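Here are my notes for your first read-through. Keep the model open beside you as you go.

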Protein chains: 2
Amino acid sequence: MAFESLPTHSDVVAAAKRLSGLVRKTPVLRHDALDALAGARVFVKAECLQETGSFKIRGATNRLLQIPEAQRAAGVVAFSSGNHAQGVARAARLLGMPALIVMPADAPAVKVEGVEADGGEVRFYDRNTESREEIAEQIASERGAIVVPSFDDPHIISGQGTAGLEFTAQMKGAGETLDHLITPAGGGGLASGLALALEGVSPGTRVWVAEPQGHDDWTRSLKSGHIEKNAPGTRSICDAILTAAPGDMTFAIGHRLFSGGLVVSDPQVKDAMRAAFRYLRIVTEPGGAAALAAALACLPDDMKGRKIGIVVSGGNVDAVEYAKVLMGG
Amino acid sequence: MAFESLPTHSDVVAAAKRLSGLVRKTPVLRHDALDALAGARVFVKAECLQETGSFKIRGATNRLLQIPEAQRAAGVVAFSSGNHAQGVARAARLLGMPALIVMPADAPAVKVEGVEADGGEVRFYDRNTESREEIAEQIASERGAIVVPSFDDPHIISGQGTAGLEFTAQMKGAGETLDHLITPAGGGGLASGLALALEGVSPGTRVWVAEPQGHDDWTRSLKSGHIEKNAPGTRSICDAILTAAPGDMTFAIGHRLFSGGLVVSDPQVKDAMRAAFRYLRIVTEPGGAAALAAALACLPDDMKGRKIGIVVSGGNVDAVEYAKVLMGG
């Protein structure tokens, strides 16, 4: 474990300077009806409105900017179910680099098309019979390309954390300070980045991760103090945050800075997607709405009445799937 | 015709000061795929993310702030298919005033519920057999309440125009100037307010209105130089912008400042709603997407390759109706 290279608050600040003008400042939205459902004041950072439709462009761009000019022509390789894929493809395009993304054959079409629209090459793999890590490593070594990890990397983490600096500044601009921040978590790159950001600029804000049932690795890991894995094969609609376990680096940060995990069911996630549609008029993907679901459906009693920041982390969802959710499916 | 009371650019500037902190600064969004579809650079001002889900809160708040304290207890009355209704109900709540809204019996449920959530009283009328103007006037005279017109009023127009000052400032912040601005138009309160705003801060930007087929009153009026009416009974999915004719005041402004009208079909509007879903991750209602539809489906040749500002004016749409559009219906 590369504890010596753990990112810090200053890395997030440096990433924010680096990303200035390259990523979007996403709005903070709210609605009385969400406050009423949560029993708290809810402020939503809408990263679904970010370039590429998720926060992933932040970390990917910050990571790719570290690659020396001389190495850029060989390109990058990443593996991802879709949002990191799109972030890497876009960042590579911005820097004029080739990008190959290893994606599961069942990735949402909208995510595959997003990668291809940015000129990314897609290599599909079978989730059940192939190892995406092996495929990525092999292609990278053939091409001399750099593998861009999706979360367990100091530059990825620092980049994602810039959303936390922005969120805090927007809240301060409105004269408010968050008591709690809840964010969706798969590998924990966003969550640990946000926690590092807030540690420096909003140290009184407690950070929580939201996860789908059956993928509550963070919740269990934070309780036990060790990295716990998910049982393989558990299904959830939250494709964006189905990771086997917290990363070494993200867990080292999360263990120190996270207050705990909140676990949501698929029906609760769908309710949150419908609430975001109706009250905020934003499109959310299932994994992106997990933290909102936690706030609306299972906010712990001692968080009631407080100011709760929510990150809606992505909005890349196939139209027909989304329509089914709106229809109550 | 009250030409002596036509609002000017300075009224829009004054409205912006008055509304500061009371309405949201909505983001400007873009996507390469929209540029490719339009054959131009497209910048979308997402007023669907505004408080109450449409720009209408701007004009309503600006209008209600003109009512002297002593008259506020008697409240306000408005008639509207929904977005102005919600704007007035919210503005009235902000100022502690009672509000009654006369709404068509077939108004989208989400709009009726929006009014009621803000404490507005709803009186339904039958579009075919009753006059909403008469109902509103009668209730207003019984209560001593003030009727808040939905577009033909200098304070309404100035308030809506604040979106144009914001849009221009956001574009300047990104180092860009719009060549053209296209906005949905029903009565023309938003369009004429935007034109007044741009006249002062972006005089090189040409302003166009987008309308549904069969409701092309603005397009014909701008051509003939006189107010032209729509044939009664023509249907369109664009419920928010189905007005009988331009207003006297909005036409006086539009006749001087608008470059012309662009007419879109219902299928083109649905395509635009799907494009906004997919590429911007915002929820748009049919009328709100009319200008985006014009840009994507029928942009005039001499606007190709230019910088086109689009106002997406609202996102209040019933979930099932929206789902049907996403499914391709």
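1. Let's start on the surface: A:Val320, A:Met327, B:Val320 and B:Met327 make up a nonpolar patch with about 320 Å² of accessible area together. Patch members need over 30% relative accessible area and no salt bridge, with like charges joined within 9 Å and nonpolar side chains (Val, Leu, Ile, Met, Phe, Trp, Tyr) within 5 Å. Areas use the Shrake-Rupley method with a 1.4 Å probe, and for residues only the protein chains shown count as cover. A salt bridge puts a side-chain nitrogen of Lys or Arg within 4 Å of a carboxyl oxygen of Asp or Glu.

2. A word on the source: this is a predicted model, where local features need pLDDT of at least 70 and side-chain atom pairs count only at pLDDT 80 or more, while totals for chains, interfaces and linings use all residues. Residues are numbered from 1 along each chain as its sequence is written, chains are lettered from A and ligands numbered from 1 in the order in which they are written, and side-chain values use heavy atoms, leaving out hydrogens and water.

3. Now the rings: the whole structure has six aromatic pairs over all chains (Phe, Tyr and Trp, by its six-membered ring, with centres within 6.5 Å; planes under 30 degrees apart are stacked, over 60 edge-to-face, the rest tilted). One of them is tilted, A:Trp218 with A:Phe258, at 5.2 Å centre to centre and 55° between the planes.

4. Buried or exposed, what is A:Trp218? A:Trp218 is buried, at 0% relative accessibility (buried is under 20%, exposed over 50%, partly exposed in between, with a 1.4 Å probe and protein chains only).
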